[in-house]
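Biologist: I'm new to this one, could you walk me through it?
Modeller: Gladly, let me put it up first.
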Amino acid sequence: MIAITNLKKSFGRNEVLKGLDLEIKPKGIIAILGPNGSGKTTLIKSILGMVIPDEGSISISGKDIKNKWAYRKEIEYLPQIANFPGNLKVRELIHMIKDLHQRPTNDEQLIDLFGLKPFLEKKFSTLSGGTKQKVNILLTFMFDKPLIILDEPTTGLDPRALIHLKELIQYEKANGKTILVTSHIMHFVEEIADEIIYLLDGRIYFKGSVKDLMEKTKQKNVEHAIAAIANNTDHA
Amino acid sequence: MLKILKYSFYDLMRSRWSYVYFLFYLALGFVLLFLNSDLSKAVITLMNIIIVLVPLIGTIFGVMYFYNSKEFTELLLAQPIKRSSIFMGQYLGVGFSLTLSLLLGLGIPFVIYGLFRSNAVFDFTLLLVNGAFLTMIFTALSFNIALSNENRIKGFGYAILVWLCLAVIYDGLFLMSLIVFEEYPLDTFSLIATLLNPIDLSRTLILLKLDISALLGYTGAVFKNFFGTDQGLMISLFALMLWTLLPIWRLVFKAKRKDF
């Protein structure tokens, strides 16, 4: 699905990605973890073409993505901060994103699922943080695309919405989608992830299943396992 | 690109500031005509205001819009849209909505006061065309500045500085150099200096059209001598177009290489 070779990127003197190699196979939920500043978002944005790498190549479904844009038709992306033009109503916003994609959607179903009906005629800027995030999720999931990238999807969600989100992710997985997700909520990761990629200092420190991670670190849950990795590298 | 343009335009048309801007021009137009019912004279007064104010509004609006829509831009960047389309769409959205406020705000009072029955129609049209150019130029400049500066305060500062330089300081320096070097032939120098500043250029353009030699000043006189009225008009219009296209070109060029 995604093949990344020797990806390098620095912002000024700050070297964020230092020759990262990664292959992601189709189908399943892959969690990208790592401490703050380890390059998670830069990696995701490189895949999306928002950050232009200094070196290395990224190809999706066998095609190099450099300076291309049409490949994004196959990607759904949930950004970390939901901030859309505040003067538009939620309904118009949904309409706009649909208009940009020209694809069939299941937005009605998702509006019901997240109980967004009362907010459709409200301006986006007047919504609460959690509701904004729900709209954000709706805009991401309403299409049917093979690759889904979620950057901190749980931010601001209430427990009910969180359950719906997990169901949604599982549903997409059952449909054979590839889902990349970053999160700092380890319970969430433990519950949904098939595979974990741990980034550290711009390289991949660990890649494997949740079970592999537990065995490697001899811990009982992901939270402690990740903490153990972080501790180990501190001492090293 | 047209879709982005449509939505940016739509978004701006609903913002309070577009209306404030529109109402300001509406009030300005009515007050000017109320105080001075001679349309041609009102055009001249208006020119002096437009030439300073339009660039300022274009600059401030451009920078503000660019920074405020940063997250929206990021959302668009993740959609299957070409980068240049996103930025061009947003730029044209801001430019067109500002131009529309200007055209309607000034157009309505002048039409009500009998613009079409007077001989000032062409002068007035030229004034509006100039206002439109200045809006597009300064919006493009401010987009460029905002794109190159992540820091909002800095970006805002630079944008205002550019406006201040072109609207005020440039003229001062220009005049001073004319005085200091008055013993030398300054025709070519002043011609070039005028072409290098879109605000001076617009002023010369309008005054050439109005044909008021008393107001033309040194540059205008040189312009008129050198090119004659018609050719002068053409050349200054061409230079204004260049002033619009160059920042747009840089905007697209830079946007393609930027990380978000």
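Biologist: Before that, what kind of model am I looking at?
Modeller: This is a predicted model, so please read everything I say as computed from that prediction.

Biologist: OK, how many helices and strands does chain B have?
Modeller: Chain B has 10 helices and zero strands, and along the sequence the pattern is accordingly α-α-α-α-α-α-α-α-α-α.

Biologist: And what is its radius of gyration?
Modeller: The radius of gyration of chain B is 19 Å, which agrees with the value near 18 Å that a compact globule of 260 residues would have. Along the principal axes, the C-alpha trace of chain B spans about 55 × 50 × 30 Å.

Biologist: What share of the residues in chain B is buried?
Modeller: Buried residues account for 55% of the 260 residues in chain B. As for the contacts in chain B between residues at least 6 apart in sequence, 82% of them join residues at least 24 apart.

Biologist: Switching topic, how much area do chain B and chain A bury between them?
Modeller: The two chains, B and A, bury about 2500 Å² between them, with 59% of it on carbon and sulfur atoms. Of the area that chain B buries against chain A, 24% is supplied by B:Y7, B:R14 and B:P80, more than by any other three residues. The contact takes 25 residues from chain B and 26 residues from chain A.

Biologist: Is helix α4 of chain B mostly covered or mostly open?
Modeller: Helix α4 of chain B, residues 70–77, is mostly covered, with six of its eight residues buried. Those buried residues are B:F72, B:T73, B:E74, B:L75, B:L76 and B:L77.

Biologist: What do they pack against?
Modeller: The buried residues of α4(B) pack against elements of both chains, namely α1 (40–48) and α2 (90–101) of chain A together with α1 (2–13) and α5 (83–112) of chain B.

Biologist: Last one: where is A:D107, and is it buried or exposed?
Modeller: A:D107 lies in helix α3 of chain A, residues 107–113. A:D107 counts as buried because its relative accessible area is 6%, which is under the 20% cut-off. Not counting residues up to four places away in sequence, A:D107 touches A:I94, A:K98, A:L138 and A:M142.

Note on methods
Residues are numbered from 1 along each chain as its sequence is written. Chains are lettered from A and ligands numbered from 1 in the order in which they are written. This is a predicted model: local features need pLDDT of at least 70, side-chain atom pairs count only at pLDDT 80 or more; totals for chains, interfaces and linings use all residues. Side-chain values use heavy atoms; hydrogens and water are left out. Helices (H or I, at least four residues) and strands (E, at least two) are DSSP runs, numbered from the N terminus. The radius of gyration is taken over C-alpha atoms; the globule rule is 2.2 Å times the number of residues to the power 0.38. Buried means under 20% relative accessible area, exposed over 50%, partly exposed in between (1.4 Å probe, protein chains only). Contact means heavy atoms within 4.5 Å. Buried area is the accessible area (1.4 Å probe) that two parts lose on being put together, summed over both.
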